[in-house]
Structure formats: C-alpha cells, structure tokens
Amino acid sequence: MDIRFQAGGPSRWKADVVLSFVFEDERVEQACPELAERAPWLGIAPAWRDFRGHKGEFVMFYGPEAMEISRVLGVGLGRAEKADMTAFRYAVGTALRRCREYDLETVGVDGCSLARVAARLGVDMAAIVRETVLSAFLGLYRYDRWLSEKSSHADPRWLGLLLEGEFVENDVRAAARMAEAEASGIMLARDAANDPANVMTPSAFAEKAREVAARHGMSFRVLGREELEAEGMGAYLAVARGSAEEPRMAVVEYTPKGTEGLAPVILVGKGLCFDSGGISLKPAKGMEDMKGDMSGAAAVLGVMEALGRLGASAAPSRPVVGIMACAENMPDGHAARPGDIVVAKNGKSIEIVNTDAEGRLVLADALAWAQEHYQPFRILDIATLTGACAVALGLGAAGVFSEDETLAAELCAAGTALGERNWRLPLWTSTSLEVLKSSCADMVNSGRREGGAVHAAVFLQQFIREGVTWAHIDMAAADMGESPVNAKGATGFGVRTLLCAALSGGNMLQ
Ligand code: BES
Ligand code: MN
Ligand code: ZN
C-alpha cells in the first residue's frame, strides 16, 4: 500500500472511500464539515440517523456513484473527553480491514477530522498522521504464507491523506515516512517470529539479517559455531549444543555518514529460534509458542530495517549496531545437562542448573562480545527472557531494567507515547546475587521463581562492564498478541521503542 497526499483542500480530494473520525453524538457540521463540502450528499445521508459515533461503531455513508467522493466510512471514537490513542489506533486498523473486505482500492483519510482528533489527544498533526499510517499498515498485516486458500481480498492500493492546506507540511511528510519505516520494521519482525522454527532456523535468520544489511548498505558479519568457540563464548555454545541447527550470531552495523568513529548504540536481541527447554524440557502445552523466542532478535532486525528505510534523511546521530544472538535450545545426546559448568567470554563460570534458563546464557556472551568489540555509547538488550515477567506485569507489557535512571525513564516514556508498555522493574543486585550463588561455580543460571525476572536481569548485569550504560528489556509477555492492529501471533513489540532509542543517540524524548 502506497501513502499519498492530496493537499489543497476538499476540491482536490478523491478516493473510493474516505475515512472520517467522529466522536460520540457529533453531527456532520462538527465532525467533518470540510468533507461535506466535497461530498455535499453527506449532510443528508440517511445513515446519520443511526450513527452515534460510539467507540467501535463503523457506518458506511453512500452518495451518488458519479461523485468524486461517493463513500464515507464514519469511524466512531466514543466520548471525546475519554479519547485515547490506543482506541484511535484500533479504530484505524479496523477501518482499513473493512475497506479491504469491501475491496475498496483507494482509501482517503479526512485530514480535517484527523486534526480534531489530534487536538483532543493533545498531539500535533504530524503525530496523528504517523499513528494513522502505522495503524493502517498494522491493521492490514496478515501472516498467510502457509494458507493454500488465501483471502480473495487484496490490500488497498493507496492510503491518501486529504489535507486542507495548500502544501504538505514537512513534518507531516516526515511523519508519514517514519510510519512507513516503522511498519516495515514491525512487519519484518512479525514475519520472522511467526515463521515456524523448521523454517526460521538460526541460519535462516542470519540470512535474513544479511539481506537487510545488503539492502541498505550496512555492514554485516556472522559468527557460527567455530567463531563462537574461537571467541570463548562457552555459555552461548552450551545452549546450542543439543541442536542439529548451528548457532548464528548475526551483527549488522549501520554507520551513517559523518558518524564514523563515534561510540555506537548497541542493540542485542535474544534469538532462540526454538526453546524446548533443552534437557529441562518444557511441558507440551503451549510449547509451540516458543518459536517466538527469537522475538528480541526480530525486534533488533526490525529496527535495522526501519533505519535503512528511513535512510540518510533521518539518520541517527551515532552508529547503530544490531546483534542478534540466534540458536536453538533442544535436548539430545550432545545437549548441556543440568549441573554442567561452562565459562563465558568474560571468564565467569556458570553452573547450568536449568537448561531452560538459556536466554541469559546466550545474551551473557553476546553482551560480553559487544563490549569487547566496541566502545558502546549505550547497550540495550531485548529478550523474551522470563515467564516471571509476565506474572509480574501481565500480558502485553515489558519489564525495563537499568541502573541509569534517565535511560529507564526515557524507555518507559517513549513506550507510553508509542503504544509499547514498558515498565521499570528493579535491579536488586545483592539480593539476586545471593539467589544466584553456586557452590562450585561463580554463578548458577537460575535461582528462585519468586522475582525470577529480576534475578535474570541481575544475571545479565554481571556481564556489563563498569561504566557502561545498559538497559535490559524483558518482553516475554509482549511477544504475542491479537488486536485490531495485530493479527493473532507475533506483535513486533520493541521495534518502535528501540528505533526511537537508536535514532535519538542521546535524549530519547526530544
Ligand atoms: N523463553 C522462555 C521465557 C518465556 C516464557 C518467553 C513464556 C515467552 C513466554 C525462557 O527461556 C525460559 O524458559 N525461562 C524460564 C526461566 C526459568 C527456568 C528460570 C521461565 O521463565 O520459566
Ligand atoms: Mn527457556
Ligand atoms: Zn527462552
């Protein structure tokens, strides 16, 4: 779907259908007077009799077929005082799905009604355009590559923003471009996480990363079993040992012009293409969801894709390095056993008491590797790390752990603005280190259930060098979902927040 603009006011507007946003009990004169100029039939359209503008209410208004605008989809947003961005995103997602069901090829959005929604939500026109465009793409996203009978309804050809002013403001145009980039990153992440583990193997993931890098002129390298061995990454290797699939640590480096030599923002993603638990085998129920245990790595790759799409016009002020630590956790004769002791890249020995606590083993070495090979400005890791995080925060939310007050606050605030629920959890280091004490190694890899997300975060913290700014995002409860902007399955969670972090190269809220 292309994004277009039709500036110059109602007399220039034309589309198969135009979406207009209506708060509860508004009439044409309040909701969309400008649109009614172009579609004069709208004021007397009979369907107004029953349209109340309730949240979740959609009504198609029809005018004479010969008119430039002969269909208007009224999108109810509920009470204006209670307007919220999530409801708006859902309304857009559902509206685009309706348009697709009706096989409408060209969809306009009444910019004047958008401006009123923006004012209600306390954001500017650029921000509401960004959310509109992104929600349109995400609403239409579907994962259907394996269905032998695909839907007969194609996506609309274009989404047009119908604007009142003579010209499209630069910030509005940039906002639409940003939304397109975010959408492509999120959809790439969703595809990767929705792909089953027999297809999206560590090698396949690394190939995908190579393609992203090649497409956008970024540099790429990949470490396989031998390289991981040469680097002394014993914790990472222990996880991969029981799998017939070789581990792959993919590294994509984006160095925009003029940022050469600056300290990079480093993103590290957990890429467990499948997590059976290993010898500490998981129960059968729901195990299929563990194909999504590479959602952290998928989010990191999504960010790189989005950065590539944005290109030079909106390049980050520092280099960005995406590290995707891929492996498969399986039980077999070569698999790591509970009780095994391994040595990580930074020299720390780990007693593996539970092979299902594998994410932290892989990440420990990936984090250590990152700090040996770069002088990071900051490191952010993202991982479907602990079921305990889901117990703590509920579905759809991620835990943020950082010693850096500002960074933690920025990640949470950015998430709120972008529709990603990030919530800070504590790093109670000395308590967790007690829990992680081993009698025969420097640490065990898994302690108590109580506070499990905190212990996992503190485990990772042991691989961060003094003075390095670091945050960890546990997205175990946010990788899967279903909503009007999320076909059941992978969410692409983390792409928006991390893209914001990558672009800012400093204060995320500017
Ligand atoms: N990948 C899982 C965590 C997870 C659980 C992600 C549910 C998404 C949904 C992780 O590798 C794991 O198994 N964690 C264990 C840790 C425990 C053994 C300390 C857990 O949370 O049970
Ligand atoms: Mn596990
Ligand atoms: Zn896992």
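Q: How much space lies in the largest cavity?
A: About 70 Å³. This is a predicted model, where local features need pLDDT of at least 70 and side-chain atom pairs count only at pLDDT 80 or more, while totals for chains, interfaces and linings use all residues. Residues are numbered from 1 along each chain as its sequence is written, chains are lettered from A and ligands numbered from 1 in the order in which they are written, and side-chain values use heavy atoms, leaving out hydrogens and water.

Q: OK, and what counts as a cavity here?
A: A set of points, on a 1 Å grid over the protein atoms alone, where a 1.4 Å probe fits but cannot get out; lining residues have an atom within 4 Å of a point. Grid points are joined across faces, edges and corners, and the volume is the space filled by probe spheres set on them.

Q: How many cavities of 30 Å³ or more does a search of the whole structure find?
A: Two. The largest one is lined by 13 residues, and the closest to its centre are Ala238, Val239, Asn329, Ala336 and Thr355.

Q: What's the volume of the second largest cavity, then?
A: About 40 Å³. Its lining includes Ala189, Ser295, Met475, Asp479 and Phe493. Helix 6 (170-194) and helix 10 (295-310) each give at least two residues to that lining. Helices (H or I, at least four residues) and strands (E, at least two) are DSSP runs, numbered from the N terminus.

Q: New topic: what coordinates the manganese ion (ligand 2)?
A: Asp275 (OD), Asp356 (O), Asp356 (OD) and Glu358 (OE) do, at 2.1 to 2.2 Å. Donors are N, O and S atoms within 2.8 Å of the metal (3.2 Å for Na, K and Ca), and sites may look incomplete because water is not among the atoms. Along the chain, the donors of the manganese ion follow the spacing D-x80-D-x1-E.

Q: Which residue bridges the manganese ion (ligand 2) and the zinc ion (ligand 3)?
A: Aspartate 275, and the two ions lie 3.2 Å apart. Aspartate 275 sits in strand 9 (residues 265-275), whereas glutamate 358 is in the loop between strand 12 (349-351) and helix 11 (359-373), 83 residues apart.

Q: Is aspartate 275 buried or exposed?
A: Buried, with 3% relative accessible area. Glutamate 358 is buried as well, at 1%. Buried is under 20% relative accessible area, exposed is over 50%, and partly exposed is in between (1.4 Å probe, protein chains only).

Q: What about helix 16?
A: Helix 16 (residues 495-504) is mostly covered, with nine of its ten residues buried. Glycine 505 comes after helix 16 and has a positive phi, near 55°.

Q: How many salt bridges does the structure hold?
A: There are 29. Each is a side-chain nitrogen of Lys or Arg within 4 Å of a carboxyl oxygen of Asp or Glu.

Q: What does arginine 89 pair with?
A: Glutamate 131, with the closest N and O atoms 2.7 Å apart. Arginine 89 is in helix 3 (residues 85-101) and glutamate 131 in helix 5 (residues 125-140), so the pair ties together parts 42 residues apart in sequence. Arginine 89 is buried at 10%, and glutamate 131 is buried at 5%.

Q: And where does glutamate 166 lie?
A: First its partner: glutamate 166 meets arginine 12 in a salt bridge (3.6 Å, N to O). Glutamate 166 lies in the loop between strand 6 (158-162) and helix 6, and arginine 12 in the loop between strand 1 (2-6) and strand 2 (17-22), so this pair ties together parts 154 residues apart in sequence. Glutamate 166 is partly exposed at 48%, and arginine 12 is partly exposed at 48%.

Conventions:
1 Å grid on protein atoms, 1.4 Å probe; cavity = no way out; pocket = protein on both sides within 12 Å on 5 of 7 lines; lining within 4 Å.
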